[in-house]
Amino acid sequence: MIAEAGHYALVLALALALIQSFVPLVGARVNDPALMNVSRSTAIVQFAFVLFSFLALISLHVMSDFSVANVYENSHSLKPLIYKITGVWGNHEGSMLLWVFILALFGALVAIFGVNLPLSLRAHVLAVQAWIATAFYLFILLTSNPFLRIANPPLEGRDLNPILQDPGLAVHPPMLYLGYVGFSISFSFAIAALIEGRIDAAWARWVRPWTLMAWIFLTLGIAMGSYWAYYELGWGGWWFWDPVENASLMPWLAGTALLHSAVVMEKREALKIWTVLLAILTFSLSLLGTFLVRSGVLTSVHTFATDPKRGVFILMILCIFIGGSLSFYAWRAASLKQGGLFAPISREGSLVLNNLLLTTACATVFVGTLYPLALEVLTGAKISVGAPFFNLTFAPLFLPLLLAVPFGPLLAWKRGDLVGAAQRLIAAGIVALLTIAVVWAWEKGGSALAPLAIGLAVFVILGSVVDIAERVKLFRAPLNTSWSRAKGLPRSAWGTAFAHAGLGIALIGIVCESTWNIEHIATMRLNDTAQLGSYSATFDGMTSRQGPNYQEHIATFTIRQGGVTIGNMTPSKRSFTTRGMSTTEAALMSRGASQIYISLGAANPDGSITARIYYKPLVLLIWFGPVLMAFGGVLSLSDRRLRVGAPKPARPKFDGLAQPAE
Amino acid sequence: MIAGALAVLAVAAALVLNAMRSSIMFFTTPGKIAEQHIAPGTKFRLGGLVEKGSLVRGDQLKVRFEVTDGNAKVPVAYQGILPDLFREGQGVISEGSLDTSGVFHADTVLAKHDETYMPKAVADELKKEGHWKDDYGKTSSADTPGTVR
């Protein structure tokens, strides 16, 4: 009964989406407010139906109703409650339902918080949202229905893939989808602007908070996924340049560019056409990511059961939306008026440079991810493009970007003073050079790249500090003047500083982890000790334990630093009986921002075990950086000028001039 | 500004082409190694099934096993911990190169991901060679981050 109700609710949502696809457009054409307002109710009710459908699937999983194929395939009555819930989106059908659930959520948010949007703009935006929703409802109902019943219900389910039975599944996919799908709002705004043929600073002010929100979630989602891979897969890697990771990185790069170009559009009414294109591209890359993951075209472990019908359907959605929107852009873009001239050396110029490098870096990731697929389709040859390719292409493009980051916020709008900016950054530059020298001396002739990269990271971090110091006139005015200026600074200025500093911090973590990682892989007998720098790990023996749906073998290690015991670590192996699979649960011990990491290999008949033991210096900074970036995003979002949906249309721009711009 | 943009794009294109030449690995199966004339020392990916009964464990995590596609077998030598999902009779992809005596020295071993999923490249080749068993392709779900090694 619940399954049928959930299915029916989804069909009703489709019907509403169809209405929302056309009625508001007709309303905008004949200028009928009643017809345009239809979109508001349909968006909200549509959300209610999808919410119901989503809750129905969750309750089926919680109740272990194995007469539903989706539950049978992915659940087990003994599975802990949290994994019964998260298992809902740990499979193809359920994750697509999560996708449309988030899409409907964003649609409803626009309907509720977009009260002061011009009526026709809101009608257009919601109509475009409904087009996307219609396509994905059809996809679910025709190819991936999660509510299908089995004729003869089995007594027990096949259990969820053990690797997914982890708290990471509760957070990572929803975060990532909030990011992916959040960019659909910027897309809808872009298409609406093209339909209306009108775009202005107010438009950018409406788009920015939505883009920022999606970007925050995507940033956290990617970081979360990376940390999950790091502790779950058992060999300490945190980024693999796997096509599925690239699929999330591409919208992030394009979205970051969009975030910056929207600033130029809002402040200076320049880069209009480019911003619209970026909004289209960012969501197109999100769709591409969905296609890559959901269609099973990849040789990646993310692949779901390969069902050509699904692949072809998503490919069609992809072609219609990306091809359609880009053709529409080519046709209509000329109707948007370009405005706001600026000199190459200016805040705008620096943001253009940012956009140029980000989109180019994104393009190299695109080539590296899709070239193997294209080659296989065209010639049948199978190749793999791995980390070396991306290190040779992505990194050289990202380094100049990092070098430019501290300059951007110090340049004035319209016409900037590069020499002046350089003078203000001189202290940061000197400290960065000193850092390079110190690191170089400390590592005694190791790689030359690592000290340089750390110096660059320090430069980026101090650049943010200098930016804030300049704004509050630190040391040039009395301290309490600086304090009151700091309090009065727009939150978006703090947001920029935090986000840029986060970038530098992540870079330090990446460089330290990949350069000075200590690895010890060995077969260890009882009381054997492995030495890692100043730490040692002694193998104290194995114990066994029965988990809810698995058998666990736990090894105990005593960790000592300079002979003093600092704690125990207990990595384990879990064997899941239903699927006949085992997983490796790594043990982690944090020492400041560094970590000791132990994961187990096979246990041998003679009582010895094989283990990988790592010391990973400053590894936590890799994820702390993105968290800081997301925090910067939240600060910007809370800026009173940028509250979601709240901006006043077409106000005289004196507030933009009175405050130091972000 | 347009000139600057073109310059960045040109640099990026050069980087991509250079990286394509030096850092791309081809995938092949044991039966095709002979006809493709792969020189010893060239890195590539070898895919197939682990031959049943071929796994030999040595000291210091050294292992040897054979990879087969039904037509030919290639001996593989590896030092390190095999992935959780590595089993005899099941799909595997190894990265590495051949030595002059025809032994494949693997730097990395990637196992198939659960009891029903097989690396797509391996599945395609097995289908082509007529060694596909229907139960290889049963529904499975995996949504994990990154590659299992």
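This is a predicted model: local features need pLDDT of at least 70, side-chain atom pairs count only at pLDDT 80 or more; totals for chains, interfaces and linings use all residues.
1. Seven bridges in total join strand 10 of chain A to strand 11 of chain A, residues 609-616, and the two strands run antiparallel. Five residues lie between strand 10 and strand 11 of chain A in their hairpin, where Gly607(A) adopts a positive phi near 90°.

2. On the side of strand 9 of chain A, which spans residues 587-591, strand 10 of chain A is joined by five bridges, again in an antiparallel arrangement. Here Arg591(A) is the residue that stands opposite Ser594(A) of strand 10 of chain A. The hairpin formed by strand 9 and strand 10 of chain A has two residues between the strands, and Gly592(A) takes a positive phi near 65°.

3. These pairings belong to an open sheet of four strands in chain A, whose order is 2-11-10-9 and whose pairing is antiparallel. Strand 2 (518-524) and strand 9 of chain A are the edge strands, each of them pairing on one side only. From one strand to the next, the twist averages 15°. As for burial, strand 10 of chain A, residues 594-603, is largely enclosed by the rest of the structure, because eight of its 10 residues are buried.

4. Strand 6 of chain A, residues 564-569, should be read separately, since this strand is hardly covered: among its six residues, the count of buried residues is zero. Strand 6 of chain A pairs with strand 5 of chain A, residues 551-561, in the antiparallel sense, and the pairing extends over five bridges. Within it, Gln561(A) has Val564(A) of strand 6 of chain A as its bridge partner. The two strands form a hairpin with two residues between them, and in the turn Gly562(A) has a positive phi of about 55°.

5. Turning to the helices of chain A, the axes of helix 6 (residues 119-143) and helix 7 (residues 168-196) of chain A come within 8 Å and cross at roughly 125°. That angle makes helix 6 of chain A oblique to helix 7 of chain A, and the crossing of these two helices is right-handed. Helix 6 of chain A contributes Ser120(A), Leu121(A), His124(A), Val125(A), Val128(A), Gln129(A) and Ile132(A) to the contact, while helix 7 of chain A contributes Ser184(A), Ser188(A), Phe189(A), Ile191(A), Ala192(A), Ile195(A) and Glu196(A). Sorted by class, the residues of the contact between helix 6 and helix 7 of chain A comprise eight nonpolar, five polar and one charged.

6. Helix 7 of chain A also packs with helix 10 of chain A, residues 272-295, at an angle of about 140° and with the axes 8 Å apart. Helix 7 and helix 10 of chain A are therefore oblique to each other, and their crossing is left-handed. On helix 7 of chain A the contact residues are Tyr180(A), Phe183(A), Ser184(A), Ser186(A), Phe187(A), Phe189(A), Ala190(A), Ala193(A) and Leu194(A), and on helix 10 of chain A they are Val276(A), Ala279(A), Ile280(A), Thr282(A), Phe283(A), Ser286(A), Gly289(A) and Thr290(A). The contact of helix 7 with helix 10 of chain A has 11 nonpolar and six polar residues, with no charged residues. Ser184(A) and Phe189(A) are listed in the contact with helix 6 of chain A and also in the contact with helix 10 of chain A.

7. Chain B has a secondary structure of three helices and seven strands, and from the N terminus on its elements run α-β-α-β-β-β-β-β-β-α. Of the 149 residues in chain B, 38% are buried. Among contacts in chain B between residues at least 6 apart in sequence, 55% join residues at least 24 apart.

8. One position in chain B deserves a separate remark: Asp59(B) lies in the loop between strand 3 (56-57) and strand 4 (62-68) of chain B. Asp59(B) counts as exposed because it has 7 other C-beta atoms within 10 Å, against a cut-off of 12 or fewer for that class. The C-alpha atom of Asp59(B) is separated by 9.3 Å from that of Gln79(B), a residue 20 residues apart from it along the chain.

Note on methods:
Residues are numbered from 1 along each chain as its sequence is written. Chains are lettered from A and ligands numbered from 1 in the order in which they are written. Axes are lines fitted to C-alpha atoms, for helices over the stretch in contact, and angles run from 0 to 180 degrees between N-to-C directions. Angles under 35 degrees count as roughly parallel, over 145 as roughly antiparallel, 65 to 115 as roughly perpendicular and the rest as oblique. A crossing is left-handed if the near helix is turned anticlockwise from the far one by less than a right angle, and right-handed if clockwise. Two residues are in contact if their C-beta atoms, placed from the backbone, lie within 7 Å. Ala, Val, Leu, Ile, Met, Phe, Trp, Tyr, Cys and Pro count as nonpolar, Asp, Glu, Lys and Arg as charged, and the others, Gly among them, as polar. A residue is buried if 20 or more other C-beta atoms lie within 10 Å of its own, exposed if 12 or fewer, and partly exposed in between; C-beta atoms are placed from the backbone. Two strands pair if DSSP finds at least two bridges between them.
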